[in-house]
Amino acid sequence: MESVLDHRSARALLDWHIALGADECIQDMPVNRYELPDAAPVSVRKMAAAPAPDAPGTGAPQPARIVPMAQVDPVAEARRAAAAAADLPALREAMEGFSLCDLRRGARNFVFADGMPGARVMIVGEAPGREEDLEGRPFVGPAGQLLDRMLAAIGLARGSDQVDGSVYITNVLPWRPPQNRDPEAAEIAMMRPFLERHIALARPEILILMGNHACDALLQRKGILRLRGTWAEAAGLPAMPMTHPAYLLRNPAAKREAWADLLAIQNRLARAT
Ligand code: URA
């Protein structure tokens, strides 16, 4: 069909729809991308056609052995890929190419990390939201802006070029879940090996676990309102669970406790220098 819009007007209209929150092009008939038969991830298709051993006693090669999809263990695959990553760029590449997590198919961008690798503080959030998905950087939307103000209050900034004053920020999941739904247990489990490797390679002194899903991934515990404010141990490091900035935006009264948690972090950093 010939469009009555010129390129510039079509582009402005698209920008307007995106600004209003549209994040999907809808066709005349609905498409369930999670059920497309030919949408099997490349690495799964490769694994499914793994070569079979020679036929016993004959030395003759057998036809390719078909491994049912259900036998591909995403957690084991993630462990193998994460362990093989020798540095952060390699980890980024391994995660971006990890095809067993369906979230990647609905996301616009892969969101790895922001800030300074090697900073003393590493923040672990939940998953990209709309703004993060559009920009490909964690915590850039309203919750991220509050996070930046919280960090500034204790002298930290993701843009700082000083190891002492900077932070490194990532999420449990690097792809936005559809409609910002909660991460599923299987998604957290398959991305956990990458997160643990991420922490090991970034080498922070302490972790800040933002919200329930970060606690679930790294402490295997939920109940952020009980966990917050008490140092725990995650990935072999001191970890402070805090209420997520998105929660603080909805519950401003909880900022008082978050402030206490920030002071505990500041004290710990000061004691360790
Ligand atoms: N919430 C998160 O947990 N992470 C982000 O990157 C953005 C919002």
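## Cysteines and burial

A residue counts as buried when its relative accessible area is under 20%. In this predicted model, C101 has a relative accessibility of 1% and is therefore buried. C215 is likewise buried, because its relative accessible area is 0%. A search of the whole structure finds zero disulfides.

## The open sheet

The model contains an open sheet of six strands, arranged in the order β1-β3-β2-β4-β6-β5 with mixed pairing. The edges are formed by β1 (114-115) and β5 (232-234); each has a single partner strand, so one side of each is left without a neighbour in the sheet.

Strand β2 covers residues 121-125, and five of its five residues are buried. In a regular strand the side chains alternate between the two faces of the sheet. In β2, V121, I123 and G125 point one way, while M122 and V124 point the other way; all are buried.

On one pairing, β2 runs parallel to β3 and is joined to it by five bridges. Within this pair, I123 has I169 of β3 as its bridge partner. The pairing of β2 with β4 is also parallel and comprises four bridges, with I123 standing opposite I208 in β4.

Strand β4 (residues 206-210) pairs with β6 in the parallel sense over four bridges. In this pairing, L209 stands opposite P241 in β6. Five of the six residues of β6 are buried, so this strand is largely enclosed by the rest of the structure.

The pairing of β6 (residues 237-242) with β5 is antiparallel and is made through three bridges. A232 stands opposite A239 in β6, and E233 stands opposite P238 in β6. The two strands β5 and β6 form a hairpin with two residues between them, and A235 in the turn has a positive phi of about 50°.

## The ligand shell

Which residues surround the ligand? The shell consists of G125, E126, A127, E132, P138, F139, N171 and H244. By residue class, the shell divides into three nonpolar, three polar and two charged residues. One of the shell residues, G125, belongs to the set in β2 that points the same way as V121 and I123.

A backbone N or O atom of E126 lies 2.7 Å from an oxygen atom of the ligand. A polar backbone atom of F139 is 2.8 Å from a ligand oxygen atom. For A127, a backbone N or O atom lies 3.1 Å from a nitrogen atom of the ligand. On its own, the ligand has 240 Å² of accessible area, of which the protein covers 91%.

## N171 beside the ligand

N171, one of the residues surrounding the ligand, is found in strand β3 (residues 167-171). Is N171 buried or exposed? Its relative accessibility is 6%, and N171 therefore counts as buried.

The side chain of N171 reaches the backbone nitrogen of E126 at 3.1 Å. E126 is itself among the residues around the ligand, and a backbone N or O atom of E126 lies 2.7 Å from a ligand oxygen atom.

Terms used
Residues are numbered from 1 along each chain as its sequence is written. This is a predicted model: local features need pLDDT of at least 70, side-chain atom pairs count only at pLDDT 80 or more; totals for chains, interfaces and linings use all residues. Side-chain values use heavy atoms; hydrogens and water are left out. A disulfide is a pair of cysteine sulfur atoms within 2.5 Å. Buried means under 20% relative accessible area, exposed over 50%, partly exposed in between (1.4 Å probe, protein chains only). A residue is near a molecule or strand if one of its heavy atoms lies within 4 Å of it. A polar contact is a pair of N or O atoms within 3.5 Å; within protein, one must be able to donate a hydrogen and the other to accept it, and residues adjacent in sequence count only if both atoms are side-chain atoms. Accessible areas come from the Shrake-Rupley method with a 1.4 Å probe; for residues, only the protein chains shown count as cover. Ala, Val, Leu, Ile, Met, Phe, Trp, Tyr, Cys and Pro count as nonpolar, Asp, Glu, Lys and Arg as charged, and the others, Gly among them, as polar. Two strands pair if DSSP finds at least two bridges between them.
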